[in-house]
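Keep the structure open beside you as you read.

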Amino acid sequence: MWKLNNSDTLDDDLFALACGLDLRVRCYSSCVVNGARFCTAERDKNKKTQNSGVACAGVHNDRLIDYFGKLTQIIELQYNSKNDGNTRAVVLFRCEWYKLDGKKTALKDDGFFRSINTGSLWYKKDSFILATQAKQIVYLPDNKHGENWQLV
C-alpha cells in the first residue's frame, strides 16, 4: 500500500488506474471467461464448433433487451503500476451486433425459439463489452424465416 500523509492509504488497484493504460495492447483469437471458451469469428470460420456467438444484456430505447452478435476481436488492456508482481488488466470483446428493431429485422420469438436477422448490423461505433458481460450462444439456420435468419 502506498501511504499518503502517513495516515491514509491508497489501494494498489486505484493507483494502477491512476497511472493509466499501457500503450501496448494484446489481441487474442480465443480466451476462457467464466468457464466458457470464446473464439473470434475469424478463428471459427473453418471449424466444426462455434464459439463466437455472444449475447449481452443492455438498454435500447429505454427498454432492457438482449443484444445478439458475433465476437470479432478479443483485446486485453493492461494498466501501468508499480512492480509488485500483480498484473492488472481488462479484457474487452469487440462484437458485431445484429439489428433487432425495424419491420424486417425485429426479433421473432414464438415462445419456444428466438430468431434474429443476421443481415443487418447496428451499434457499429458502440461495439465493445467487458468479457465478463458476455454470454455464449450458438446460432443455427432458421429454415422457416429465410436466408439471413438464425435461431439463437
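This is a predicted model: local features need pLDDT of at least 70, side-chain atom pairs count only at pLDDT 80 or more; totals for chains, interfaces and linings use all residues.

Four strands form an open sheet in the order 9-10-15-14, and their pairing is antiparallel. Strand 9 (108-109) and strand 14 (140-141) are the edge strands; each has a single partner strand, so one side of each has no neighbour in the sheet.

If you look at strand 14, you will find it paired with strand 15 (residues 149-151) in the antiparallel sense, over two bridges. In that pairing, L140 has L151 of strand 15 as its bridge partner.

## A hairpin and a helix

Another antiparallel pair is made by strand 4 (residues 30-33) and strand 5 (residues 36-39), with four bridges joining them. V33 stands opposite A36 in strand 5. The hairpin of these two strands has two residues between the strands, and N34 takes a positive phi there, near 50 degrees.

Now turn to helix 1 (residues 12-19), where D12, F15 and A16 are buried. Why do these residues sit on the same side of helix 1? They cover an arc of only 100 degrees around the axis, and that places them on the same side. After helix 1 comes G20, which has a positive phi near 95 degrees.

## The nonpolar core

Which residues touch the most other members of the largest nonpolar core? They are F38, F93 and W97, in a core of 24 residues. Strand 4, strand 5, strand 6, strand 7 (63-79) and strand 8 (89-98) are the elements that give two or more residues to this core. Strand 7 gives the most, with five residues.

## The cysteines

How many disulfides does the structure hold? The count is zero. For C31, the nearest cysteine sulfur is that of C39, 8.3 Å away, and C31 is in no disulfide. C56 is in no disulfide either; its nearest cysteine sulfur belongs to C95 and is 7.9 Å away. The cut-off for a disulfide is 2.5 Å between the sulfur atoms.

Is C31 buried or exposed? C31 has a relative accessible area of 16%, so it counts as buried. C56, found in strand 6 (residues 53-60), is also buried, because its relative accessibility is 6%.

Leaving aside neighbours within four places, C56 is in contact with I65, D66, Y67, W97, I129 and Q133. C56 and D66 are ten residues apart in sequence, and their C-alpha atoms are 5.5 Å apart in space.

## Salt bridges

The model has six salt bridges by the rule used here. One of them joins the side chains of R26 and E76, at 3.7 Å from N to O. This pair links distant parts of the chain, with R26 in strand 3 (residues 21-28) and E76 in strand 7, 50 residues apart. R26 counts as partly exposed because its relative accessibility is 41%, whereas E76 is buried, with a relative accessible area of 14%.

R114 forms a salt bridge with D66, and their closest N and O atoms are 3.3 Å apart. R114 lies in strand 10 (residues 114-117) and D66 in strand 7, so this pair ties together parts 48 residues apart in sequence. Both ends are partly exposed: R114 has a relative accessibility of 31%, and D66 has a relative accessible area of 25%.

K135 also forms a salt bridge with D66, with the closest N and O atoms 3.9 Å apart. Here the link runs between K135 in strand 13 (residues 135-137) and D66 in strand 7, 69 residues apart. K135 is partly exposed, at a relative accessible area of 44%. Which residues make up the network of salt bridges? D66, D109, R114 and K135 are linked in it.

How values were computed:
Residues are numbered from 1 along each chain as its sequence is written. Side-chain values use heavy atoms; hydrogens and water are left out. Two strands pair if DSSP finds at least two bridges between them. Buried means under 20% relative accessible area, exposed over 50%, partly exposed in between (1.4 Å probe, protein chains only). The arc is that of the directions from the helix axis to the C-beta atoms. Contact means heavy atoms within 4.5 Å. A nonpolar core is a set of buried Ala, Val, Leu, Ile, Met, Phe, Trp, Tyr and Cys residues joined through side-chain atoms within 4.5 Å. A salt bridge is a side-chain nitrogen of Lys or Arg within 4 Å of a carboxyl oxygen of Asp or Glu.
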